[in-house]
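Trainee: Please take a close look at one part of this model for me. I would like the ligand site.

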Amino acid sequence: MKNKNSDLFFKNIRKDFPILDQKINGHQLIYSDNGATTQKPIKVIDSICDFYKNDNSNVHRGIHTLSERATDMYENVRIKVANFINSNKEEIVFTYGTTSSFNILAKGIEDQISEGDEIVLSQMEHHANIVCWQELAKKRGAILKFIPINKDFRLDLKEAEKIITQKTKIVAISHISNVLGTITPAKKICSIAHKYGAYFVLDCAQSIVHMKVDVKEIDCDFIAFSSHKMFGPTGVGVLYGKSNLLEKLKPSIFGGDMIYEVSFTCSTYNKSPYKFEAGTPNIEGVIGFGAAIDYLNEIGMDNIELREKELCEYFLGKVSEVKDLKIYGPNSCNDRSCIFSFNIDGIHSHDMSTLLDMKGIAIRGGHHCAMPLHTLLELPSTSRISLCFYNTFEEIDKIVLALKNAKKDYEKGEFLLK
Ligand code: PMP
């Protein structure tokens, strides 16, 4: 189909995702938990099976044909990832996911941080972009500071200008909040960080699948993201770092493949990115990740952005009809994505998840690994609907109908039947 931004195109695309064609609790599945993980197209699933059927071998170590082929396939994905974010292949470190990327970064940067140095995060961060910095701060006597959010659930830029100072060594924020859906002004905050010579780190776990991320355009020093949130397999992720900065970073996982030379007394390390990839990596995961990137490129990130903007506008319009429902996030689709956290008065998010699950609708309830943000908002938890391009307007209608009936169903105790 030529017109890759038509509703029909995106409806047809659902056929690529076999898992979507099933009933849950007697209803057609509506998968709206894409912020947690996305479903996998058949091309990704097949690429992993084909690798095991035809090419399986370890990478970087064998001289035989299969190993060379597996190595070529693995390294080719590094090039695909680099092109996807407009970087060089040497700047792509394969990790096990965003969390592992942050841990590698925070550990590797440790000896560049001294007592009294400041690390600036924001109030809307995922635990993956908080806890590793807390550990680093504890070890080195550094101080964590947080850019506040304003009442519209956006980052307060004026405060950011005050908080980021000469003392700041690292500014690490999310590109899209996994709770609020807010798209943060990454380029602006990056330029403030650079004004003071601080590193700018961007958590792209949520953004990478919803918008074009160009590391050169933003001028990021490091970014992190996971394959499983972009239609690829779990257990694979990326730490991007500018070449000269990766060279300065210390490895924290030691063993085979990350070395240059080893004696009984000491070792020298391989160059980046290999010095961060000790041991046998998740080879089939990387191969599947490559297929996911091909898949996204085939559709086109521009088309995905357009489609999701339409879904976002439609959802916000429809959901405003639901009584007693409050959305925590910006009310304009210009700087938000299709991640909607909400509560309906009187219904706990876990009960809401169960109520919707009974109608075949998969959402998430809880604190979404952002406890400090929930504490700040004085909320024990929220329910979260997170859409992506394979969701449809008809599905949104069904979700909104279920939300309209939620109170009635809840009072009837329907969720207890589960
Ligand atoms: N950061 C953000 C913004 C996220 O949404 C997530 C996943 N929920 C992570 C980091 C962590 O990703 P992973 O669990 O794949 O390591």
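Mentor: Here is the ligand site, then the sheet.

This is a predicted model: local features need pLDDT of at least 70, side-chain atom pairs count only at pLDDT 80 or more, and totals for chains, interfaces and linings use all residues. Residues are numbered from 1 along each chain as its sequence is written, and side-chain values use heavy atoms, with hydrogens and water left out.

The ligand is surrounded by Thr 98, Thr 99, His 126, Ala 128, Asn 178, Asp 203, Ala 205, Gln 206, Ser 226, His 228 and Lys 229. By class, two are nonpolar, seven polar and two charged. Here Ala, Val, Leu, Ile, Met, Phe, Trp, Tyr, Cys and Pro count as nonpolar, Asp, Glu, Lys and Arg as charged, and the others, Gly among them, as polar.

Now the atom pairs. A polar side-chain atom of Asp 203 lies 2.6 Å from a ligand nitrogen. Gln 206 places a side-chain N or O atom 2.7 Å from a ligand oxygen. For His 228, a side-chain N or O atom is 2.8 Å from an oxygen of the ligand. Alone, the ligand exposes 400 Å², and the protein buries 87% of that (Shrake-Rupley method, 1.4 Å probe).

Next, the sheet. Pairing takes at least two DSSP bridges between two strands. Strand 9 (residues 222-226) and strand 10 (residues 237-241) pair antiparallel over five bridges. Ala 224 has Leu 239 in strand 10 as its bridge partner.

How values were computed:
Helices (H or I, at least four residues) and strands (E, at least two) are DSSP runs, numbered from the N terminus. A residue is near a molecule or strand if one of its heavy atoms lies within 4 Å of it. A polar contact is a pair of N or O atoms within 3.5 Å; within protein, one must be able to donate a hydrogen and the other to accept it, and residues adjacent in sequence count only if both atoms are side-chain atoms.
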